[in-house]
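Trainee: I would like to learn how to read a few features of a structure. Please take me through them one at a time.

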Amino acid sequence: AFNNIDNAGLPNEIRQEAIYDQSDAEFIPRVALIYLPNEKHSLKLLYGKALNRPSFWQNNDLLEPNAPQLEPATIQTFELNYIGNISPKFTVSMSLFRNMLEKLIYRTVISVGGDFEAYYANVGELNTTGIEFSLQARPTESFSFELSGIYQDTKDKREGFAEDLQPGYSPKFLGYFKGAYFFNKEVSFALTGTYVDKMEA
């Protein structure tokens, strides 16, 4: 059960009550196929699914109290991953991936009698295709570093959504760097950096 009270003790007090009744079983598969041609190289084919159930607040629609409950948002991921130990000091990794998000819960705010109200609906669908590359190295006992980058392209698949309109908070490129110097077993110095490409609000 869910209870919420706005303006408690005032003449315009609003009480909201709801009961969450979700007892259906969900099948959430994860599969991995791994190929090891030798001890230095590995190839993985991965598939996974996850879901995000709507919150009590999202399901508590003041504008339409009798509206059906929202469905869980889902994501399916396909990934082809390669890891290679070039030498004892260098390791590379590369992944090709595709993420498919469906039934995403979008929030819409409208004005009702001078007040702002929000309602939620399962209307979102995003597809992301990308590639990720990383290099891990420890050229000396005192120095190590890690460098990685991701390039991704996300498309909003909602009906009527413009193809050339970039989805919000979806940068094309992400980069990461970490370097560490070890003075001894107790003392080290590290420097990290993150790059996030431009993105729409």
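Trainee: How many aromatic pairs does a search of the whole structure find?

Mentor: Four aromatic pairs turn up. Keep in mind that this is a predicted model.

Trainee: How is such a pair described?

Mentor: Two values describe a pair of aromatic rings: the distance of the centres and the angle of the planes. Take Tyr181 and Phe183 here: their ring centres are 5.0 Å apart and their planes stand at 75°, so this pair is edge-to-face. The cut-off for that class is over 60 degrees.

Trainee: Is Phe183 buried or exposed?

Mentor: Phe183 is exposed, at 54% relative accessibility. Tyr181 has a relative accessible area of 38%, so Tyr181 is partly exposed.

Trainee: Which residues lie over the face of a ring?

Mentor: Arg138 is one of them, over the face of Phe182 and 4.4 Å from the ring centre. Arg158 is another, over the face of Tyr106 at 4.3 Å from the ring centre.

Trainee: Now the strands. In what order do the eight strands form the sheet?

Mentor: The order is S3-S4-S5-S6-S7-S8-S9-S10. The sheet is open, and its pairing is antiparallel. Strand S3 (30–38) and strand S10 (188–196) are the edges, each pairing on one side only. From one strand to the next, the twist averages 15°.

Trainee: Over how many bridges do strand S6 and strand S7 pair?

Mentor: Over 22 bridges, in the antiparallel sense. Strand S6 covers residues 90–112, and strand S7 covers residues 115–137.

Technical notes:
Residues are numbered from 1 along each chain as its sequence is written. This is a predicted model: local features need pLDDT of at least 70, side-chain atom pairs count only at pLDDT 80 or more; totals for chains, interfaces and linings use all residues. Side-chain values use heavy atoms; hydrogens and water are left out. Two strands pair if DSSP finds at least two bridges between them. Helices (H or I, at least four residues) and strands (E, at least two) are DSSP runs, numbered from the N terminus. Axes are lines fitted to C-alpha atoms, for helices over the stretch in contact, and angles run from 0 to 180 degrees between N-to-C directions. Rings of Phe, Tyr and Trp (its six-membered ring) pair if their centres lie within 6.5 Å; planes under 30 degrees apart count as stacked, over 60 as edge-to-face and the rest as tilted. Buried means under 20% relative accessible area, exposed over 50%, partly exposed in between (1.4 Å probe, protein chains only). A charge sits over a ring if NZ of Lys or CZ of Arg is within 6 Å of the ring centre and within 35 degrees of the ring normal.
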